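Thanks for coming, everyone. I have one structure to walk you through today. Please look at the screen.

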Amino acid sequence: MKAPFALFLVVVAAALLSMAVYGLRGRDRDADADRKGSQFLLGLGDFLVHWFMWALSPPERLFLRMGLTPDFFNFAGLACGIASGILIGLGRLEWGGLAIALGGVADIFDGRIARARKLASPYGTFIDSTLDRFVEVFAFLGFVYYLRATPFGPLVATAALAGSLLVSYTRARGESLGVTCKEGLMQRAERLVLTFLACMVDAPVTAAAGWLSGTLVLGVLALIAVGTFITAAHRTIWISARLKEKL
């Protein structure tokens, strides 16, 4: 068993145990997540959102005491994104998946640290959202290169990248015109979780099924491509309707 997959199993076991503890403690909702309107799977993953924020609260308090800044986590996330693209492109899927996960956690901390220290600003909003796009581009470019010898692999990976950018663009463009839209299933959290899981379990699943390595990754990227284009189209229609109402 490879070291990163063994670590993944340990983390999954620890997560399940902590979920049980969280549930027994009364499932307290995270105030910051509620203020942001954070969602996962259109609200169906509400328990997971608040459990995860609860699980991250001890390191968050430690980071606040250490005086770490939001920019530290912004650029740590960027470094993880670059690393994920390189590792995935080299075929080190499990390590790439871990880099994706670490980058996602860094992205959570940068916003929470900024709000906790009352450092939220237009600069922070801009640098956070912009670097998030860089991170996604690096990861998907890694998939493009990894799947270069697979029929339609680069096309599917590129479609997933394009759809992801369209989802982000429609929201950003709507907000610039005064319409906030967080609608849609395939948002960044869902994309991050799907790519992370695909990287971590592709090897055991494809080996057990007798498929070529990367088959599961390809299927997940196809799902992301379809889901993101649907989400982007839905947001386009929804925002257009709201803007027409203002005419």
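One caution before we start. This is a predicted model.

Let's begin with helix H9. H9 runs over residues 215-245, which is 31 residues. From its first C-alpha to its last, H9 reaches 45 Å. That is close to the 45 Å expected at 1.5 Å a residue.

Which residues of H9 are buried? Among them are Val-217, Leu-218, Leu-221, Ile-224, Thr-228 and Arg-235. And what covers the buried residues of H9? The cover includes helix H5 (93-116), helix H6 (122-146), helix H7 (153-176) and helix H8 (188-209).

Two residues of H9 deserve a stop. Take Thr-228, in helix H9. Its relative accessible area is 0%, so Thr-228 is buried. A polar atom of the Thr-228 side chain lies 2.7 Å from the backbone oxygen of Ile-224. Setting aside residues up to four places away in sequence, Thr-228 touches Ala-160, Gly-163, Ser-164, Val-167, Met-186 and Arg-191. Keep Arg-191 in mind. We will meet that residue again.

Now Arg-235, also placed in helix H9. Is Arg-235 buried or exposed? Arg-235 counts as buried, because its relative accessibility is 2%. Neighbours within four places aside, the contacts of Arg-235 include Val-167, Thr-170, Arg-171, Cys-181 and Glu-183. For a sense of distance, look across to Arg-133. The C-alpha atoms of Arg-235 and Arg-133 are separated by 18 Å. Along the chain, these two are 102 residues apart.

Next, charges. Side chains of opposite charge can pair when their charged atoms come close. How many salt bridges does the model have? The count comes to 13.

First up, Arg-188 and Asp-132. Their side chains meet in a salt bridge at 3.9 Å, N to O. Arg-188 lies in helix H8 and Asp-132 in helix H6, so this pair ties together parts that are 56 residues apart in sequence. Arg-188 counts as buried at 17% relative accessibility. Asp-132 is buried too, with a relative accessible area of 10%.

Then Glu-136 and Arg-191. This salt bridge comes in at 2.8 Å, N to O. Glu-136 sits in helix H6 and Arg-191 in helix H8, 55 residues apart, so the pair links distant parts of the chain. Glu-136 is buried, with a relative accessible area of 7%. Arg-191 counts as buried at 1%.

Salt bridges that share partners join Asp-30, Asp-32, Arg-35, Glu-60, Arg-112 and Arg-115.

One of its bridges is Asp-32 with Arg-35, closest N and O atoms 3.7 Å apart. Both lie in helix H2 (residues 31-36), 3 residues apart, about one turn of the helix. Asp-32 is buried at 9%, whereas Arg-35 is exposed at 65%.

Now the loops. Lys-118 is in the loop between H5 and H6. Its phi is near 55°, positive in a residue other than glycine. Lys-118 is exposed, with a relative accessible area of 74%. Phe-152 lies in the loop between H6 and H7. Here phi is near 70°, again positive in a residue other than glycine. Phe-152 is exposed at 63%.

Last stop, the surface. Leu-7, Val-10 and Val-11 form a nonpolar patch there. Together they have about 260 Å² of accessible area. Val-11 belongs to helix H1 (residues 3-24). At 46% relative accessibility, Val-11 counts as partly exposed.

That's the tour. Thank you.

Definitions and conventions:
Residues are numbered from 1 along each chain as its sequence is written. This is a predicted model: local features need pLDDT of at least 70, side-chain atom pairs count only at pLDDT 80 or more; totals for chains, interfaces and linings use all residues. Side-chain values use heavy atoms; hydrogens and water are left out. Patches are made of residues with over 30% relative accessible area and no salt bridge: like charges are joined within 9 Å, nonpolar side chains (Val, Leu, Ile, Met, Phe, Trp, Tyr) within 5 Å. Accessible areas come from the Shrake-Rupley method with a 1.4 Å probe; for residues, only the protein chains shown count as cover. A salt bridge is a side-chain nitrogen of Lys or Arg within 4 Å of a carboxyl oxygen of Asp or Glu. Helices (H or I, at least four residues) and strands (E, at least two) are DSSP runs, numbered from the N terminus. Buried means under 20% relative accessible area, exposed over 50%, partly exposed in between (1.4 Å probe, protein chains only). The expected span of a helix is 1.5 Å times one less than its number of residues. Contact means heavy atoms within 4.5 Å. A polar contact is a pair of N or O atoms within 3.5 Å; within protein, one must be able to donate a hydrogen and the other to accept it, and residues adjacent in sequence count only if both atoms are side-chain atoms.
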